[in-house]
Amino acid sequence: MSQAAPPGPLDYLRRWPLRAWLIGVAVFLYAPLITLMAFSFNNSKRNIVWRGFTLDYYAAVLQDADLLTAFGNSLTIAAVSTVVSVILGAMTALLLWRFRFPFKPALEGALALPIVVPEICMGVAMLVFFSQVLPWPSEAPWPLNLGAIIISHISFSFSFVAVVIRARLASFNRELEEAARDLGAGEWRIFRDILIPHMRPGLMAGALLAFTLSLDDFVITFFTSGPDTTTFPVKVYSMVRFSVTPEVNAASTILIVLTVALTAIALRVSGGNVAVIEAGEGL
């Protein structure tokens, strides 16, 4: 008699204990967010008893000049830090993937520090740096006054980008590069036509990760921001210090929806690029 084949990974999902566990984890993770979003439409200032549906608090948020300014600061910081982090992360990933040089393990360890070091330590370090080593003029015109926060976000974001892109480069077939050289292609053309298309999913994933980390960051931004450089998370925190009102819920809901929408768009684009690249490699 032949032995029965062992169950596959998806077969375990048919067992009720695992289904119950997954449902419990989903409820634990998403129930608070769903509750926050639901109560952002609550027609009650107390925010603990449902009094009816209203959009007045979203109108109040969209008419709050300080909150809109903070939101614009967050988007600007996230956009600039994402572009710079992707460039630095891609260059660092290529350096560590392709070349051998002295102290390479030390550089790899230093690259992992922003990932493993607690954010509170990074925030204090950035505060000391910008107050003692490189004082940043907070009275500079916008967006130059955001420079300290942008540099701080780049310092921890590009490490995540480098790790993601290097993982993508690990699957690169070096024979393609050698074949291109045999055909007379130069290094720049190989980089542009072969390496970058292969790295594109990693670049998209790294950009998405860097943008999300920057947009949602609070701790490091709290230590490096000034009175005229408040970001959206810091502004929401200042609102929460008094009470959790429907305005706070509405502002938080806008941030959640924006993050989810950008994530969906990036995953959609990245998934399409992966399919095109895999189809081209299969030819």
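This report describes the fold, the cavity, the aromatic pairs and one lysine of a predicted model.

## Basis of the values

Residues are numbered from 1 along each chain as its sequence is written, and side-chain values use heavy atoms, with hydrogens and water left out. Because the model is predicted, local features need pLDDT of at least 70 and side-chain atom pairs count only at pLDDT 80 or more, while totals for chains, interfaces and linings use all residues.

## Overall architecture

The secondary structure comes to 11 helices and 0 strands, where helices (H or I, at least four residues) and strands (E, at least two) are DSSP runs numbered from the N terminus. Read from the N terminus, the elements run α-α-α-α-α-α-α-α-α-α-α.

Of the 283 residues in the protein, 34% are buried, a term that means under 20% relative accessible area, with exposed standing for over 50% and partly exposed for the range in between (1.4 Å probe, protein chains only). The accessible surface is about 17100 Å², and 70% of this surface belongs to carbon and sulfur atoms; the areas come from the Shrake-Rupley method with a 1.4 Å probe, and for residues only the protein chains shown count as cover. Among contacts with a separation of 6 or more, 72% are made by residues 24 or more positions apart, a contact being heavy atoms within 4.5 Å.

## The cavity

The count comes to 1 cavity of 30 Å³ or more, a cavity being a set of points, on a 1 Å grid over the protein atoms alone, where a 1.4 Å probe fits but cannot get out. The largest cavity holds about 40 Å³ of space, where grid points are joined across faces, edges and corners and a volume is the space filled by probe spheres set on the points.

The lining, made of residues with an atom within 4 Å of a point, consists of Ser 74, Ile 77, Ala 78, His 153, Ser 214, Leu 215, Asp 217, Thr 221, Thr 231 and Pro 233. Two or more of the lining residues come from each of α3 (65–98) and α8 (187–216), and α3 gives the most, with 3 residues. By class, the lining has 4 nonpolar, 5 polar and 1 charged residues; Ala, Val, Leu, Ile, Met, Phe, Trp, Tyr, Cys and Pro count as nonpolar, Asp, Glu, Lys and Arg as charged, and the others, Gly among them, as polar.

## Aromatic pairs

The whole structure contains 8 aromatic pairs, defined as rings of Phe, Tyr and Trp (its six-membered ring) with centres within 6.5 Å, and called stacked for planes under 30 degrees apart, edge-to-face for over 60 and tilted for the rest. One of them is the edge-to-face pair of Phe 71 and Phe 232, at 5.1 Å centre to centre and with 70° between the planes. This pair links distant parts of the chain, with Phe 71 in helix α3 and Phe 232 in helix α10 (residues 232–240), 161 residues apart. Phe 71 is buried at a relative accessible area of 19%, and Phe 232 is buried at 3%.

Phe 222 and Tyr 237 have ring centres 6.0 Å apart and planes at 85°, so this pair is also edge-to-face. Because Phe 222 lies in helix α9 (residues 219–224) and Tyr 237 in helix α10, the pair ties together parts that are 15 residues apart in sequence. Phe 222 is partly exposed, with a relative accessible area of 43%, and Tyr 237 is partly exposed at 38%. Ring pairs join Phe 218, Phe 222, Phe 223 and Tyr 237 into a cluster.

## Lys 104

Lys 104 lies in helix α4 (residues 104–116) and is buried, with a relative accessible area of 16%. Leaving aside residues up to four places away in sequence, Lys 104 touches Leu 96, Phe 99 and Arg 166.

Methods. On a 1 Å grid over the protein atoms alone, a cavity is a set of points where a 1.4 Å probe fits but cannot get out, and a pocket is an open set with protein on both sides within 12 Å along at least five of seven lines; lining residues have an atom within 4 Å of a point.
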